[in-house]
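Please keep the sequence and the model in view while reading.

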Amino acid sequence: MAAVAEEVYSTPTLSFSAKLANYVQLAKPRLSFLVVFSAVISFLLATTGAIDWLALITLIFGGFLVTASANGFNQIIERDLDKLMTRTANRPMPTGRLTVNEAFWVCLVMGIAGIGMLTTLNLLSAALGIVALVSYAFVYTPLKQKTSFSVFVGAIPGAIPPMLGWVAVSNALDYQAWVLFGIQFIWQFPHFWAIAWVLDDDYKKAGFHMLPSKGGRDRSSAFQTVFYTLVLIPVSLLPVQIGMAGMGMAAVALVCGILFFIQSLYLFKTCSIKAAQQLMFGSFIYLPIVQLAILIDKL
């Protein structure tokens with residue numbers, strides 16, 4: 001308690017707008033909105049007939065709050081480690097702009113509010129929200145210092161949003177929901193590893209094991225990245241196989257998949273940070289294009 005009290009009293013007094021800015025930073029809004037995007041696409045895919053706008057708005061705000069809560073709890077747990085890394089040293093927790101108590105209550109309120117909103121859709125949606133929040137903040141986060149297997153664990157909550165969007169409409173874990181989950185699940189491996197390759201030096205300061213090989217930036221890590229980008233090609237075509245989309249979507253997914261695969265081959269050939277950066281930006285482009293292609297093909 002004394003340590004907490006000392007932290008509280010040592011925190012400078014900030015204006016309301018400054019406090020709000022720190023709460024926003026704690027929530028990682030850009031990441032949260034990207035997560036919600038895939039849920040919205042799946043919601044629209046599952047919708048037949050008129051769009052239930054109230055349910056869609058509830059999904060957006062509920063999903064955003066759950067994701068923001070998970071991001072915040074992640075920062076609370078890693079606050080001392082964030083001090084060690086250049087990219088995270090200026091976050092509200094390491095700098096003392098927010099105390100542990102403040103951040104905890106904000107994250108708790110966001111999490112409860114988000115789960116509450118998802119509950120109004122259906123209980124299965126709320127259950128998926130709880131699984132995503134708990135597995136990301138309290139399983140994936142502590143594993144990052146222990147094993148590179150953490151990326152596999154983190155890919156599970158990371159792939160729940162498209163499943164959540166489908167379930168918000170259907171109230172069932174249909175095979176379509178699992179296909180949408182599978183695409184985002186496999187995509188996360190080259191996505192995460194490209195980021196980890198670029199930030200490997202920074203991650204090492206905090207003792208994070210993010211690349212799949214113990215050697216870090218080596219051909220083994222690059223080969224596994226190539227493997228998952230290759231696997232992503234047939235997985236991305238599953239919507240066509242199950243009748244969710246047609247040949248237009250297949251063409252888009254195939255072209256994007258091949259280009260993404262070529263980028264991973266370049267990483268394998270050069271093992272360079274430049275190649276990893278290109279793969280990272282490619283991953284940001286790949287997923288929304290493929291997801292939008294499924295939706296447009298439905299329309």
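Which residues form a nonpolar patch on the surface? Leu34, Val252, Phe281, Phe284, Ile285 and Ile289 do so, and together they have about 550 Å² of accessible area. The model is a predicted one, in which local features need pLDDT of at least 70 and side-chain atom pairs count only at pLDDT 80 or more, while totals for chains, interfaces and linings use all residues. Residues are numbered from 1 along each chain as its sequence is written, and side-chain values use heavy atoms, with hydrogens and water left out.

**The surface patch**

A patch is made of residues with over 30% relative accessible area and no salt bridge; nonpolar side chains (Val, Leu, Ile, Met, Phe, Trp, Tyr) are joined within 5 Å, and like charges within 9 Å. Accessible areas come from the Shrake-Rupley method with a 1.4 Å probe, and for residues only the protein chains shown count as cover. Helix H15 (residues 273-298) gives the most to the nonpolar patch, with 4 residues. Helices (H or I, at least four residues) are DSSP runs numbered from the N terminus. Isoleucine 285 lies in helix H15 and is exposed, with a relative accessible area of 51%. Here exposed means over 50% relative accessible area, buried under 20%, and partly exposed in between (1.4 Å probe, protein chains only).

**The cavity**

Rolling a probe the size of a water molecule over the atoms shows where empty space is left. A cavity is a set of points, on a 1 Å grid over the protein atoms alone, where a 1.4 Å probe fits but cannot get out; lining residues have an atom within 4 Å of a point. The structure holds 1 cavity of 30 Å³ or more, and the largest cavity has a volume of about 50 Å³. Its volume is the space filled by probe spheres set on the points, which are joined across faces, edges and corners.

Helix H3 (29-46), helix H10 (175-198) and H15 each supply at least two residues of the lining of the largest cavity. The largest share, 4 residues, comes from H3. Among the lining residues are Ser38, Ile41, Leu180, Gln184 and Ile294. By type, the lining divides into 6 nonpolar, 4 polar and no charged residues. In this count Ala, Val, Leu, Ile, Met, Phe, Trp, Tyr, Cys and Pro are nonpolar, Asp, Glu, Lys and Arg are charged, and the others, Gly among them, are polar.

**Salt bridges**

The structure holds 7 salt bridges, each being a side-chain nitrogen of Lys or Arg within 4 Å of a carboxyl oxygen of Asp or Glu. The table lists three of them.

| Glutamate 102 | Lysine 19 | 2.5 Å |

Glutamate 102 is partly exposed at 24%, whereas lysine 19 counts as buried at 14% relative accessibility.

Aspartate 82 is buried, with a relative accessible area of 0%, and arginine 91 is buried as well, at 11%.

Aspartate 200 and lysine 204 are separated by about one helical turn, because they are 4 residues apart in helix H11 (residues 200-206). Aspartate 200 counts as buried at 7% relative accessibility, but lysine 204 counts as exposed at 53%.

Key
1 Å grid on protein atoms, 1.4 Å probe; cavity = no way out; pocket = protein on both sides within 12 Å on 5 of 7 lines; lining within 4 Å.
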